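Below are some comments on the model you sent.

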Amino acid sequence: MRRLVPALLLGVLPALAQPYPAPIPPDHPAIRYTTTPANDPIARLAHALDTGAATLDYGPQGYLASLLSHLGIDANSQALVFSKTSFQASKIGPRTPRAIYFTDDAAVGWVPGGDGFELAGLDPRQGYQFYTLDIHESPRPRIARRAECLHCHQGNATLGVPGIFIGSVFPDVAGNANAATAIITDQRTPFADRWGGWYVDAARGHPRDRSAAVALDPAEPETLTPLLLTFDRARYLSPHSDIVALMTFEHQTHMTNLITRVNWESRTGAQPRIDELIDYMLFVGEARLPGPIEGASTFTKTFPQRGPRDRQGRSLRDFDLKTRLFRYPLSYMIYSPAFAALPEEVRERVHQRLNEILSGKDPSPRYAHLTPEIRQAIFAILRDTNPHLFQ
């Protein structure tokens, strides 16, 4: 858990409680973030729109459904946040939460009655790139890259590289965040500290957390009371803010920021934090579920279908949802273009360490959650789906 001051969900917050790595200058000669042409799904869609190779259809939520279709994002990934943690803060509140949709390499934010779409695409070498699209219908809709977004999207909460994250706040009845107590969350955060300012839906087994609650008394800003009001779920593509989708996004955001950080450190001559990357990939310190959970949407079914699978039909995307998030605790982001874009010497070191850990050569207590059966299963999955890993 990391305590922060003023919050943006897809932004960055200065840290108060622990040291953070210094930001890496985006215009470092080895990086050139702002001058290098972007190579991410949003940039490719923007180019297709500009050349007429693609079009966007306008519907009840504007271009939202069409955007998701082009980007391969399922609507069942929807997570709803009602805290005012966006540049569209005036439009967001408990009655009009902002919807976030995501896949491995792109995210889309939308709020009913808002001014535009917030878009983020993962460039394998450069980290997340940020864009906006006007909400109003146009004969030639144009996606604009926003370099100025680094003012909020590169800092302590994103490990000093361009990234996104999940925030948890103590919101008041209007959704205003208590800045002094805001934190960012990932797979290691205790559930009691997660999802303040969010709606979270589960068909079964919702852990105790901060969701769907507000601080009624300004004199007691950390005392939460369950929200009594409702919002019109019919305005959204999905009626759910799925707990499994949100937990998956929590894992992915920090995982992606770590991959980008290691990439940039290696390219700029800094010591890359490989051990930290490996530990997070292997879910060291993951908060254990207090009991089985079941998502409210079809996300639990569709996410694993993205594969790949080994000869026994197993995938790193398979969920556990009994005591932990994934059945085989090694991040599916090992298949991502961002991981593949790590410098070769870094990838080789990661492969070597994974081999040592999964083969049992490294019996460190920190990996005690990986039973011999689990290690063998992960090893077999990687052998079948990523055979060069152990060559």
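1. Contact here means heavy atoms within 4.5 Å. On that basis, and leaving aside neighbours within four places in sequence, Val350 is in contact with Ile274, Leu277, Ile278, Met281 and Phe339. Please keep in mind that this is a predicted model.

2. Val350 is one of the residues with the most contacts inside the largest nonpolar core, together with Leu277, Met281 and Leu330. That core has 70 residues. Helix H4, residues 243-268, gives the most to this core, with 11 residues. A second, separate core has 32 residues, among them Ala46, Leu67, Phe117 and Leu119. In soluble globular proteins, nonpolar side chains tend to be buried together.

3. The secondary structure of the chain amounts to 9 helices and 14 strands. Among contacts between residues at least 6 apart in sequence, 66% join residues at least 24 apart.

4. Does the radius of gyration agree or disagree with a compact globule? It agrees: a compact globule of 391 residues would have a value near 21 Å, and the chain has 20 Å. Along the principal axes, the C-alpha atoms fill a box of roughly 55 × 50 × 40 Å.

5. Of the 391 residues, 59% count as buried. The accessible surface of the chain is about 15,700 Å², and carbon and sulfur atoms account for 52% of that surface.

6. As for charge, the chain has 40 positive and 40 negative side chains. The centres of the two sets lie 3 Å apart.

7. Asp362 is placed in the loop between helix H8 (344-358) and helix H9 (372-385). Is Asp362 buried or exposed? Asp362 counts as buried because its relative accessibility is 11%, and buried means under 20%. Beyond its neighbours within four places in sequence, Asp362 is in contact with Arg353, Glu356, Ile357, Tyr367 and Arg375. The C-alpha atoms of Asp362 and Arg306 are separated by 31 Å, with the two residues 56 apart along the chain.

8. Arg314 is in the loop between helix H6 (299-302) and helix H7 (337-340). With a relative accessibility of 16%, Arg314 counts as buried. Not counting residues up to four places away in sequence, Arg314 touches Pro308, Arg309, Tyr328, Ala377, Ala380 and Ile381.

Technical notes: Residues numbered from 1 in each chain as written. Predicted model: local features only at pLDDT ≥ 70, side-chain atom pairs only at ≥ 80, totals over all residues. Heavy atoms only, no water. Helix = DSSP H or I, 4+ residues; strand = E, 2+ residues; numbered from the N terminus. Rg over C-alpha atoms; globule rule 2.2 N^0.38 Å. Buried < 20%, exposed > 50% of the residue type's maximum accessible area, 1.4 Å probe, protein only. Areas by Shrake-Rupley, 256 points an atom, 1.4 Å probe, with all protein chains shown as cover. Lys, Arg positive; Asp, Glu negative; His and termini not counted. Charge placed at Lys NZ, Arg CZ, Asp CG, Glu CD. Core = buried A, V, L, I, M, F, W, Y, C linked by side-chain atoms within 4.5 Å.
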